[in-house]
Amino acid sequence: MHIESIAAPDLSWQEQALCAQTGADFFFPEPGSSVREAKRICGLCEMQSACLQYALANDERFGVWGGLSEKERLSLRRTHQQ
């Protein structure tokens, strides 16, 4: 029996991300709440690009990832599909 192993994604960037030091409340707000503070924190984070790439590759549908909201990531995906 041959079992292929699936490589786990490299998540080491998460340890250095500012969101890991801040808490999830800003990044996963209640519906209708502001994401301004999350985006501000993302803008200061050196891991922003890695975070956004991860979110797009893994189809993250909730929260702020890489400085973009759910709607912004969906729009970005649609733009790249055209």
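Me: Where is S69 found?
Reply: S69 is found in the loop between α4 and α5, where a helix (H or I, at least four residues) or a strand (E, at least two) is a DSSP run, numbered from the N terminus. This is a predicted model, in which local features need a pLDDT of at least 70 and side-chain atom pairs count only at pLDDT 80 or more, while totals for chains, interfaces and linings use all residues. Residues are numbered from 1 along each chain as its sequence is written, and side-chain values use heavy atoms, leaving out hydrogens and water.

Me: Why is S69 called buried?
Reply: Buried means under 20% relative accessible area, exposed means over 50%, and partly exposed lies in between (1.4 Å probe, protein chains only). S69 has a relative accessible area of 12%, so it counts as buried.

Me: Which residues is S69 in contact with, leaving aside its neighbours within four places in sequence?
Reply: With those neighbours left aside, S69 is in contact with K39 and G63, contact being heavy atoms within 4.5 Å.

Me: What makes the buried residues of α4 line one face of the helix?
Reply: In helix α4, residues 48-57, the buried ones are C51, L52, Y54 and A55. Seen down the axis of α4, these buried residues fall within an arc of 160°, so they line one face of the helix; the arc is that of the directions from the helix axis to the C-beta atoms. The face turned away from that buried side carries the exposed residues Q53 and A57, and the buried residues of α4 pack against α1 (13-16) and α5 (70-81). After α4 comes D59, whose phi is positive, near 50°.

Me: What makes up the largest nonpolar core?
Reply: A nonpolar core is a set of buried Ala, Val, Leu, Ile, Met, Phe, Trp, Tyr and Cys residues joined through side-chain atoms within 4.5 Å. The largest one here has eight residues, namely W13, A17, C45, M47, C51, Y54, A55 and W65, and α4 gives the most to this core, with three residues. A second, separate core of five residues includes F27, I41, C42 and V64. In soluble globular proteins, nonpolar side chains tend to be buried together.

Me: Why is the pair of W13 and Y54 called tilted?
Reply: Rings of Phe, Tyr and Trp (its six-membered ring) pair if their centres lie within 6.5 Å, and planes under 30 degrees apart count as stacked, over 60 as edge-to-face and the rest as tilted. A search of the whole structure finds three aromatic pairs. The rings of W13 and Y54 have centres 5.7 Å apart and planes at 55°, so this pair is tilted. W13 lies in helix α1 and Y54 in helix α4, so the pair ties together parts that are 41 residues apart in sequence. Both W13 and Y54 are buried, and together with F28 and W65 they form one aromatic cluster.

Me: How many helices and strands has the protein chain?
Reply: The protein chain has five helices and zero strands, and 24% of its 82 residues count as buried.

Me: What is the confidence of the protein chain, and where is it lowest and highest?
Reply: The predictor's confidence in each residue is pLDDT, from 0 to 100. The protein chain averages a pLDDT of 89, and 88% of the residues score at least 70. Confidence is lowest in α5, at a mean of 89, and highest in helix α3 (residues 36-44), at 96. Where pLDDT is low, the predicted coordinates should not be read in detail.
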